[in-house]
Amino acid sequence: MELNIKFSKEQLDKIFPFYIEFDTKGHIVSQGVSSEKLFGDIIKSFFTSEFVLERPYIHNWEVKDIIENIKQVFFIRHKANDIIFRGQFEQIYDKNTLIFLGSPWVKNVDYLKEKKLYLQDFALH
């Protein structure tokens with residue numbers, strides 16, 4: 001049974017505030033409200049220019065490598081501010097994009113303070 005569920009930008013911001021969506025060439029086309037708070041506006045940037053794949057480790061990775069490993073948990077690190085995120089990628093077939101759904105990999109409360117993250121930056125779940 002196939003469901004046709006679509007979320008508005010506002011809904012995505014509530015349930016996945018750190019999301020990053022990019023096209024199959026790697027151009028970022030949309031980002032969550034908390035992602036924007038941490039990175040600034042990175043729309044139109046290349047995902048590979050902004051992030052490093054920490055796990056699974058793939059040297060000189062491309063979008064096709066994410067698709068080939070899509071059933072795995074990913075750890076990605078933002079190059080500029082060194083924040084690591086844990087999450088997963090999903091393909092959005094009707095838009096021909098990929099979306100990263102995850103959140104910062106937090107080790108302790110002091111880390112949140114250091115990165116200026118607050119509970120309201122995270123989804124309720």
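Predicted model: local features only at pLDDT ≥ 70, side-chain atom pairs only at ≥ 80, totals over all residues.
Strand β1, formed by residues 20-23, takes part in two pairings. On one side of the description stands strand β2, residues 28-31, which runs antiparallel to β1 and is joined to it by 3 bridges. Within this pairing, Phe22 is positioned opposite Ile28 of β2. The hairpin made by β1 and β2 has 4 residues between its strands, and Gly26 in this hairpin adopts a positive phi near 100°. The other pairing links β1 with strand β6, which covers residues 97-104; these strands are also antiparallel, and 4 bridges join them. Here Asp23 faces Thr97, a residue of β6.

The loop that separates α2 (33-39) from α3 (47-50) contains Asp41. Asp41 is classed as exposed because its relative accessible area is 57%, and the cut-off for this class is over 50%. When residues up to four places away in sequence are left aside, Asp41 is in contact with Gln31 and Glu36. A polar atom of the Asp41 side chain also lies 3.0 Å from the backbone nitrogen of Ile43.

The backbone of Lys44 has a phi near 85°, which is a positive value in a residue that is not glycine. A further positive phi, of about 65°, is found at Asp82, which is not a glycine either. Asp82 belongs to the loop between β4 (74-78) and β5 (84-92). Asp82 is described as partly exposed because its relative accessible area is 45%, and this class spans the range between the 20% and 50% limits.

The model also contains a cis peptide bond, which leads from Arg55 to Pro56 and has an omega near -5°. Pro56 is situated in the loop that connects β3 (51-55) and α4 (63-68).

Key:
Residues numbered from 1 in each chain as written. Heavy atoms only, no water. Buried < 20%, exposed > 50% of the residue type's maximum accessible area, 1.4 Å probe, protein only. Contact = heavy atoms within 4.5 Å. Polar contact = N/O pair within 3.5 Å; in protein donor to acceptor, adjacent residues only side chain to side chain. Pairing = 2+ DSSP bridges.
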